[in-house]
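Good morning, and thank you for joining. Please look at the sequence and the model on the screen, and I shall then take you through them.

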Amino acid sequence: MPGKLHIVERLIQEIPEFGECDKVTGDDCYIARLYVRSIGELDTLLDRIVDKAETNTSIVKAKAVERRMPPFIRS
């Protein structure tokens with residue numbers, strides 16, 4: 001929400017279940033990865049920021065590619 005980004009970023013930094021968070025361009029301001037045990041736990045965490053940010057949630061079903069280093073560029 002306008003004027004709330006610094007508050008949302010601080011909350012994300014303070015909540016340990018946020019394992020990763022990137023500031024991005026486009027329609028969204030952040031893409032975050034949360035580690036939770038249940039949908040109820042997810043809802044509880046999102047309730048902490050709902051009055052400061054709109055959220056869209058996707059659940060990872062499987063990793064098609066594990067995190068890897070970018071290939072070296074050779075000239």
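Let me begin with a question: is glutamate 20 buried, partly exposed or exposed? Glutamate 20 is partly exposed, at a relative accessible area of 29%; here buried means under 20% relative accessible area, exposed means over 50%, and partly exposed lies in between, with a 1.4 Å probe and protein chains only.

Before I go on, a note on the source. This is a predicted model, in which local features need pLDDT of at least 70 and side-chain atom pairs count only at pLDDT 80 or more, while totals for chains, interfaces and linings use all residues. Residues are numbered from 1 along each chain as its sequence is written, and side-chain values use heavy atoms, with hydrogens and water left out.

Now the overall layout. The protein has two helices and two strands, in the order α-β-β-α from the N terminus. Helices (H or I, at least four residues) and strands (E, at least two) are DSSP runs, numbered from the N terminus. The radius of gyration is 15 Å, whereas a compact globule of 75 residues would have one near 11 Å; the value is taken over C-alpha atoms, and the globule rule is 2.2 Å times the number of residues to the power 0.38. The C-alpha trace spans about 50 × 30 × 20 Å along its principal axes. Of the 75 residues, 16% count as buried.

I turn to the strands. Strand 1, residues 18-23, and strand 2, residues 30-34, pair in the antiparallel sense over five bridges; strands are said to pair if DSSP finds at least two bridges between them. The two strands form a hairpin with six residues between them, and glycine 26 in the turn has a positive phi of about 100°. Lysine 23 has tyrosine 30, in strand 2, as its bridge partner.

Tyrosine 30 also belongs to the largest nonpolar core, which has seven residues in all: Val8, Ile12, Ile15, Phe18, Tyr30, Leu45 and Ala53. Such a core is a set of buried Ala, Val, Leu, Ile, Met, Phe, Trp, Tyr and Cys residues joined through side-chain atoms within 4.5 Å. In soluble globular proteins, nonpolar side chains tend to be buried together. Neighbours within four places in sequence aside, the contacts of tyrosine 30 (heavy atoms within 4.5 Å) include Leu5, Val8, Glu9 and Lys23.

That brings us to charge. How many salt bridges does a search of the whole structure find? The search finds six, a salt bridge being a side-chain nitrogen of Lys or Arg within 4 Å of a carboxyl oxygen of Asp or Glu. Side chains of opposite charge can pair when their charged atoms come close.

One of these joins lysine 23 to glutamate 9, with the closest N and O atoms 3.2 Å apart. This pair links distant parts of the chain, strand 1 and helix 1 (residues 5-14), 14 residues apart. Lysine 23 is exposed at 63%, and glutamate 9 is partly exposed at 26%.

Finally, we return to glutamate 20, whose side chain meets that of arginine 67 in a salt bridge of 2.6 Å, N to O. Here strand 1 is linked to the segment after helix 2 (39-47), across 47 residues. Arginine 67 is exposed, with a relative accessible area of 69%. Glu20, Arg33 and Arg67 are linked in a network of salt bridges.
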